[in-house]
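Open your viewer and get ready to select residues by number. Each stop below says what to pick and what is there.

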Amino acid sequence: MDLEFQKYSTLPKYAFQNRYEEFEEAKHLSKEQKDEHYPFDKMEEECGVFGLHSTETQDTFSLSQFGLFALQHRGQEACGIAVGNNGKILSVKDEGLVLDVFKSIEEPEKFMGSTVIGHTRYTTAGDKKKYNFQPFFAKNEYDQIILSIAHNGNLTNAKQLRKELEDEGVVFRATSDTEVILRLIQKNLDLGLRGAIKATMEKIEGAYSVVGITRNKFFAFRDFNGIRPLVLGAIDENTFVVASESCALDGVGAQYVRDILPGEIVYTSDNEKGLQSYLVKDDCVNKICAFEYIYFARPDSTLEGINVHEVREKSGMKIWEQAPVDADIVIGVPDSGVPAAIGFSKASGIPFRPVLIKNRYIGRSFIIPSQEMREHFVNLKLNPIVSEMKDKRVVIIDDSIVRGTTSKRLVKILKNAGVKEIHFRSVSPPIIAPCFLGIDTPTKDDLISANMNKEELRKYLDVDSLEFLSVDNLINILGSPNHCFGCFTEKYPVKNPDELAFVDQGD
């Protein structure tokens, strides 16, 4: 199953270059109650994973901290690491931001080793129980950790697999589908590490990017559709890094090598030097989530050879071609809408003005008890420079419209600032279906584009014009139809289960 690996002249040759050189809990609430408890309506990413392996002892405490900090945008509720050193695995995890959790570790020297995995977590509303924090680990009969994994994604058959394992006597300690992956690998370790992972991948379904360690080995693998991202880098010929995004490679001084392939396992072995590669299936088609480029990934990341910032800027240029309008200024909803606004400005000649000021110190977990206070809160998060907007025709560029509540309040803020006309442009297609592959999205009843046509939504937002980037134009920008567009089309790379296996999709 050898694949030709693209050679990078600035990198040494490695052994692996021989191969491809909050809503789930609140379903019972009314729409008004959801507006009260969840004042923002962005789709929320699930988590970020990070892994590093070296043939020599490294400052894994600092390197994992840097890598996870670079992935902080993918999850802010909790984080953790598991470090391997001299045949032992030590793990720590806690609620909070990366820097706060690492600051609380009293003896950093204990977390120095040759290999480490880490996880930064976004949880669905209310499910912040510590037993669901990652990395997960399995112990032997001597209470020693023998296996640890961190997972980004969501399994669609986890409920069924969990029941099968429980019927066999396996005891589960958490509610996350990540533990299903852990227990399946643990169950099959007599097949060898690669065999255990292969057997697990052949059983689980859905989206998953996984990093893991045993007491003397490192591994990572990705689902057969490559829905969630996973990239590979190298610090030197002895030290390899795997992460959800390339920005984490930059954060630890690693050079991007390539993306882990759909259906691929990379792993270390007792019998072979370096990092090895094995394809469980060699006919996989990469269908990475399109929303990674629209919103989730950091703009300085590159996924599947495509720079995220360039995609966002091109989307702004494309929506100008699709729906031109006469206006005085273009503004982008910070932060993900700004590159698209710059692209719109370049294509149209309408000046871009960064006149929406974002308070960067507001977290996600606010519960606002009254309508009056919710209105104040939106102004606290985004506030306009009135002198730059008064009596102007304004184009608002946003990455997406999910439930519409924040967009509507933003329009009201601009109208109160004296804006003459408002033209709203979304650089994603209408979101008409929820994601069951690892993204926290509302139910279909709460997705405003699933319940209103464009004209109805324009009136609801109270704007002069409204346009969404078309799916065809998004495909054109990405350069291929081989992505997951399920939230725009209701056509998914994997079968949509009738009922999700777990409330917790934050893994």
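## A pair of charges inside

Select Arg 258 and Glu 264: their side chains meet in a salt bridge, with N to O at 2.7 Å. A salt bridge here is a side-chain nitrogen of Lys or Arg within 4 Å of a carboxyl oxygen of Asp or Glu. Before going on, know that this is a predicted model: local features need pLDDT of at least 70, side-chain atom pairs count only at pLDDT 80 or more, and totals for chains, interfaces and linings use all residues. Residues are numbered from 1 along each chain as its sequence is written, and side-chain values use heavy atoms, leaving out hydrogens and water.

Are Arg 258 and Glu 264 buried or exposed? Both are buried. Buried means under 20% relative accessible area, exposed means over 50%, and partly exposed lies in between (1.4 Å probe, protein chains only).

Ser 277 sits in strand E13 (residues 275-279). Helices (H or I, at least four residues) and strands (E, at least two) are DSSP runs, numbered from the N terminus. Ser 277 counts as buried because its relative accessibility is 4%.

How many salt bridges does a search of the whole structure find? The count is 24. Side chains of opposite charge can pair when their charged atoms come close.

Select Lys 163 and Asp 167. Their side chains form a salt bridge, 3.1 Å from N to O. Both lie in helix H4 (residues 158-167), four residues apart, about one turn of the helix. An α-helix has 3.6 residues a turn, so residues three or four places apart point the same way. Asp 167 is exposed because its relative accessible area is 58%.

Next, pick Glu 107 and Lys 110. The closest N and O atoms of this salt bridge are 3.0 Å apart. Glu 107 is partly exposed, at 35% relative accessible area. Lys 110 is also partly exposed, at 49%.

Now select Arg 74, Arg 228, Glu 245 and Glu 292 together. Salt bridges link these residues in a network.

## Rings

A search of the whole structure finds nine aromatic pairs. One of them joins Phe 291 and Phe 296, and is tilted: 5.4 Å centre to centre, with 50° between the planes. Rings of Phe, Tyr and Trp (its six-membered ring) pair if their centres lie within 6.5 Å; planes under 30 degrees apart count as stacked, over 60 as edge-to-face and the rest as tilted. Phe 291 is buried, at 1% relative accessibility. Phe 296 is buried too, at 4%.

Turn to Tyr 278. Arg 194 lies over the face of this ring, 4.1 Å from the ring centre. Then go to Tyr 460, where the charged end of Lys 408 sits over the ring, 4.5 Å from its centre. A charge sits over a ring if NZ of Lys or CZ of Arg is within 6 Å of the ring centre and within 35 degrees of the ring normal.

## Cysteines

How many disulfides are there? The count is zero. A disulfide is a pair of cysteine sulfur atoms within 2.5 Å. Cys 435 is buried, at 13% relative accessibility.

Select Cys 47, in strand E1 (residues 47-58). An unreviewed UniProt entry annotates Cys 47 as "active site". UniProt positions are given in the numbering used here, feature names are shortened, and annotations may be inferred rather than shown by experiment. Cys 47 is buried, at 0% relative accessibility.

## Last stop: helix H14

Select residues 454-461, which make up helix H14. At its start, a side-chain oxygen of Asn 453 reaches to within 3.1 Å of the backbone nitrogen of Glu 455. Just after H14, Asp 462 takes a positive phi of about 65°.

Key. Polar contact = N/O pair within 3.5 Å; in protein donor to acceptor, adjacent residues only side chain to side chain.
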